[in-house]
Amino acid sequence: MHAGHDSLAASPLATREPPPREAPSRLRTGTTLAAVLLACLAVRVWMAWHAEGIARDGHTYVRMARQWWHDPAGVIHGYAYHPGYPALVATLHHALGWADTPSLWQLAGILVAGTASILAMLATWLWGRMAFGPRTACIATLLFGLTRKWCVLGADVLSDSLALCFMVWSLLVGAWAGQELAQRPRRGLLLAALSGLLGGLGYFVRPEAALVPCLVGVMLVAGLIRRGQLRTAGLTIGIGGAAVAAMAIPYMLFIGDVTKKKRLLDMLNPAGLSATLPAGLGTLVRQFFEAIHPVLGALLCVWLLAYAIRRLMPARPGSEPVRPTRPMGPWMLTVVLFWAAMLLALFHTAGYISNRHVMFLALVLSPLAGQGLVILADGLAVLLGKPTATGLAAWALTLPVAVGLAVHALDEPLHQGSRGYEQAATRLAELAKPGQGVLTDQRAMEVALRDARSDWQVARIEANQLERWRRDLGFSPRQSPKAEYFMLPPNEMLAAMDHLHSPWVALKLPRQAPQVHDWLADLRMQAGILNLGTWPIAGTDDAVHLLACETLFCRDAVAPLAELAQSGQGVLTNDRAIETVLYQARKDLRIARIEAAPLERWRLDLGFSPRQSPKAEYFMLPPNEMLAAMDQLHSPWVALKLPAESPRVQEWLADLRTQAGIVDLGAWPIPGTQDEVHVLALKTLFCRETATRLAGLAQPGQGVLTNDRAIETALREIRSDLQIARIEAEQLERWRLNVGFPPRQTPKAGHFVLPPNEMLAAMDHLHSPWVAITLPRGDPEVQTWLTDLLQVGIVDLGTWPIPGTQDEVHLLASQTLFCHDLATRLAQLAQPGQGVLTNDRAIETALRETRSDLRIARIEAEQLERWRLNIGFPSRQTPKAGHFVLPPNEMFAAMDHLHSPWVAIKLPCQSPQVRQWLDQLVQAGIDDLGAWPIPNTQFEVHLLGLLKPHVRAPGAWGPTTQPAAGQ
């Protein structure tokens, strides 16, 4: 021992090396420390980068951090964990402006934990420097900083490294305060307050951190009382306690207790402690060696052996010291006794001690392990005959040990195997709806599911729960049920999902096991449960299977059907899952599921030839048989599960549309299979709007012309009193020849677009004032044709798209139909033989049909211009026969010239010019007797008449001007 070894150091950074050796320079010490901390940081970065997941507690901390920023009170009340770590994670995440994604929240948690770990290593270096000097401190910091258990805490989303950082700094500052109180009491009191403040911050992270200020207070007060500084001792207790209370008491008052985790009073209960003491001591020693690493544990044993030898034998001159400095030795001993007692009390109450609980002891005692290596290096230098080369020998031993510790730390990724659970949870997050239930047999899977979607109802089934459930449902008991690998028979699996309200199952099962594959196949066939994916668990022979009821993926298919089908209608399906979903969505539908045997029996009943091996799962009847099946089963809707991308299926669907009038409303793939659901419907269903509209307009006995079988069927069902004619290709061509129009090549019955004059002739020839026609949507030729129809007095009353097709139904009508109101009004006013002037052929027709005793004249562009010149008015350029608006005096002259006291004129609706003109007509003695809009056009018919038509006697008018030939 050196003479000055037991003297009190002047400051915490003071060094104490053997007198013959020269103390290292500050530059070399700083460079070595920086290299040590960088090496420790590099290992943590590597571990975090290659980690397959985060700790189970890390998921909880992430949820706390995400909630903290907007609801801190909810975090404090809703979780048993102290909120210091998640609060700091939330602050860092917000300060960096990161997006609200799980990966970035986890990264923020790792940054906080990693930074705290490096700061704790810096405190450990200072602690070791105070005990043995800079060389031992660097060696101890490097070796302990590369141990796997300590690296894990700095590379994971855990609060331990942050709590340990505050704890070791609180202890370090407390030891420094003990040195300062002897010579500079004021500085010592400030350091005591700082130690208490750091301990209070640590308590805000983890509850055991509050014990460090208590330990520091006991050591400081004991030293002051021994020196007789009672007043300083009282001030130390007051100031340090106030600093701790400033941080801890607000949280205690908020929760109404010391902590929400393990209760302190339960830990202090000594009852039965002697019975658990031997097991507790064994667990404590075992966990300590795991926390500090067996290599450093062996070096610590080397130090203990050297310490015992030095107590019995005198030291060799110039050899390495064994005892730490006098202030540091008692501090280390007190920490060991105090913390060991606390951990034994924890084992007595909770029944366990983990390496994370012992990590504070490992941090505090790591300088002793470093000094053990230096002692070995000292002995090695003596054996080599170079007693002055201790430093070189120490680093020669340190570097291989450090490399070995680093290799061991990086040998296995963090949470190896958890990636399979996270991938399964992520896949499920894309598919499941909020509030749905998930059943799992693994705690890791449960954690991954809860982290992926907080709006799920996650249930983890255990062995005893599984067995109890089996008994509750009346199934026979099974021997040795395994919670980890439970494979229920298909009917029991489905019952479990129903009983636990869980449409999803996430199971860990052995890979490549024939029994598992057979079981999964049976699940699909017998219970309608699909395997949506398999994710291997690294390092094991197991995999995560994500199972789901097939019913879930039929909901998209039946959703449009539920919106379209009328109450009481029938639906035919070939799949149990579709049947289940339909029944749940619409209990007012009549649902029939056709199987192989009934299908074959139905075929024979209807007289069709038998088919070999009919499949209920994939039945594709010929179009005529499909239509017959829908008729016999009163099912206008069909929901089928068919193989996806099958050319045969596509051809069959095309035949259904063209031959049977059945349309495919959509196809929805079933995840995890090669199949998809097709919703089919009679096209008649989507022509009912046309027929319903027509039923409200047509008069009994009127004729309707159509080109589509579905439209014909819908019309006949709704209005049996109409004369309905469906025109086919041959009939259309025959009609053209009969009427005298030139023949057309390849006329199409499906989409016939006659020239306007031929359309009007067809309606006349077939006595059909109405046309319901299927035409292609968005076809420019069709749009042009519809515009041209207005020229012959035919209007489009409405257009209805046919789902599943590129077509739409147009309801056309002769404009004459909507002029009957005008003709009826005129029939009540006009006297026999009076004249009527009009500018529209449809009005002329309606007037002639209503009153054959009137003299009706339709004025055209040429006739209008000729009349103007005959009367002597100046000519007008481009007169419009369709919409003529004469000045009032010319209108009055026209009525006189054409012997017409009445005018029926088609004019644009809501035209300011027309309104002004009508007002001016009053000045000429002409009144507007009424206006009738023409549906689906921008026009209306006005009936104008002389204010005093009785001035002229009936029959005093001259001969009526007749329309030109062909008009």
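This is a predicted model: local features need pLDDT of at least 70, side-chain atom pairs count only at pLDDT 80 or more; totals for chains, interfaces and linings use all residues.
Glu758 belongs to helix α31 (residues 756-765) and Arg736 to helix α30, so the pair ties together parts that are 22 residues apart in sequence.

Arg736 has another partner. Glu733 also forms a salt bridge with Arg736, here with the closest N and O atoms 3.9 Å apart. Both Glu733 and Arg736 are buried. The two lie three residues apart in helix α30 (residues 729-739), which means that about one helical turn separates them. An α-helix has 3.6 residues a turn, so residues three or four places apart point the same way.

The structure holds 34 salt bridges. One of them joins the side chains of Arg184 and Glu180, at 2.9 Å from N to O. Arg184 is partly exposed, with a relative accessible area of 34%. Glu180, at 2% relative accessibility, counts as buried. Elsewhere, Asp57, Asp160 and Arg356 are linked in a salt-bridge network.

His415 was examined next. This residue sits in the loop between α17 (390-410) and α18 (418-431). Its relative accessibility is 27%, so His415 counts as partly exposed. Beyond its neighbours within four places in sequence, His415 is in contact with Glu52, Gly53, Ile54, Ala55 and Asp156. The side chain of His415 makes a polar contact with the side chain of Asp156, at 2.5 Å. A polar atom of the His415 side chain also lies 3.1 Å from the backbone nitrogen of Ala55. His50 is 365 residues away from His415 in sequence, yet the two C-alpha atoms are 10.0 Å apart in space.

Helix α34 spans residues 841-850. Its N-terminal end is capped by Asp840. A side-chain oxygen of Asp840 lies 3.0 Å from the backbone nitrogen of Ala842. Ala842 is itself among the buried residues of α34, together with Ile843, Glu844, Ala846 and Leu847.

Definitions and conventions
Residues are numbered from 1 along each chain as its sequence is written. Side-chain values use heavy atoms; hydrogens and water are left out. Buried means under 20% relative accessible area, exposed over 50%, partly exposed in between (1.4 Å probe, protein chains only). Helices (H or I, at least four residues) and strands (E, at least two) are DSSP runs, numbered from the N terminus. A polar contact is a pair of N or O atoms within 3.5 Å; within protein, one must be able to donate a hydrogen and the other to accept it, and residues adjacent in sequence count only if both atoms are side-chain atoms. Contact means heavy atoms within 4.5 Å. A salt bridge is a side-chain nitrogen of Lys or Arg within 4 Å of a carboxyl oxygen of Asp or Glu.
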